[in-house]
Amino acid sequence: MEKRVILVTGGTGLVGKGIETALESCKEEGEEWIFLSSKDADLSSESSTMALFEKYKPTHVIHLAAIVGGLFANMKANCDFFRLNMKMNTNILEMAQKFNVKKVVSCMSTCIFPDKTTYPIDETMLHNGPPHSSNYGYSYAKRMIDVLNRSYKEQYNCDFTSIIPCNVFGPHDNFNIQNGHVVPGLINKVVEAQKNGTPFEIWGTGSPLRQFIYSIDLGKLIIWVLREYKEVDPIILASDQEVSIKDVAFMIKDAAEFQGEVKFLTDKADGQFKKTASNDKLKCYLPQFQFTPLETAIKESVTWYKENYATARR
Ligand code: NAP
Ligand code: GDP
């Protein structure tokens, strides 16, 4: 195989670490993987993005870097989520075109689909209506990746594509309670409740439904997309199982062996009720793919958090 230099932007984050772990069992000769942090380059700056491409001369890019946050972080900063993500995405794709990168895989999310829609949502429905009002900044910036991929293909014959993961969690997550997603936020809260003998507080009613994917499963799938997937059209990377926030909170409570009181703070926002995404396209390509059972993945994430308590992001 021709030598490949694969740059992973956002390589130090939850998904980047998931790819790094997944690679341990599927390394291929001729591939050099470079996992980047924001310390290597600020991708919202065109000149530092260009310097990065000059330094590494990548043949392939997995573009994960983004301003990412849970429902509550998005509600506070729609402008920043739009502005900074747009800058990073346009800089990366423009440099990839200028430096003749052979393939780019960028990352969208199931939370950017239209709010008012029929279910299950599939890849063809991405632009069919406005996103949920809580995260429209992030959503529109992410949707523009698909617009850019198609236009770079049409105008410059670039091989750029994108993936659409559902809610991700796992080791190296952002466990910050105010800004993070629901699973790491609840893991942090249950551990503190256990330490302090206080109630375990779940925000909202617990009734919204979500699909979750373990970061290491997602890592395996992204490696497959880079090596095998040929379409410009996005592909949804989501598990089959849809669970309520209440169910997932109780899985976290059980995994942490928390015995105290559980409280639902129903004055906090629920966000989108559901965003059920179809993984039919993925199943067509990879009918044998085995997702880690949710309880197992949650147990491993709780254990990771407890073992890495001193250094975990929060
Ligand atoms: P994360 O853990 O917050 O990591 C974000 C990464 O982006 C970090 O490596 C960070 O670098 C880097 N980054 C942020 N700003 C940057 C900048 N200005 N320049 C260069 N790098 C920058 O996020 P994640 O959860 O792994 O998300 C990865 C991708 O998956 C994102 O595109 C996100 O939209 C998508 N996604 C995530 C979820 C989810 O539930 N988490 C769901 C669907 C899709 P430093 O840490 O070094 O600052
Ligand atoms: P979303 O899936 O894009 O809406 O983002 P999140 O990962 O932040 O999940 C939000 C859902 O989880 C909402 O229904 C929240 O009310 C609920 N939730 C319950 N507890 C928490 C928590 O501690 N943190 C977060 N982020 N959400 C929580």
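**View 1. The two domains of the predicted model.** The C-alpha centres of domain 1 and domain 2 lie 26 Å apart, the protein chain being divided into domain 1 (4-168 + 212-237) and domain 2 (172-209 + 242-275 + 294-307), with bounds from an automatic or database domain assignment. This is a predicted model in which local features need pLDDT of at least 70 and side-chain atom pairs count only at pLDDT 80 or more, while totals for chains, interfaces and linings use all residues. Residues are numbered from 1 along each chain as its sequence is written, ligands are numbered from 1 in the order in which they are written, and side-chain values use heavy atoms, without hydrogens and water.

**View 2. The interface between the domains.** In this interface, 23 residues of domain 1 are in contact with 22 residues of domain 2 (heavy atoms within 4.5 Å). About 1900 Å² is buried between domain 1 and domain 2, with carbon and sulfur atoms giving 64% of that area (accessible area, 1.4 Å probe, that two parts lose on being put together, summed over both). On the domain 1 side, Phe72, Phe212 and Tyr214 lose the most area to domain 2, together 33% of what that side buries.

**View 3. Ligand 2 and its polar contacts.** Ligand 2 lies between domain 1 and domain 2 because both give residues to the shell around it. Oxygen atoms of ligand 2 are found 2.9 Å from a polar backbone atom of Leu71, 2.6 Å from a polar backbone atom of Asp270, and 3.0 Å from an N or O atom in the side chain of Lys275 (polar contact: a pair of N or O atoms within 3.5 Å).

Notes
Polar contact = N/O pair within 3.5 Å; in protein donor to acceptor, adjacent residues only side chain to side chain.
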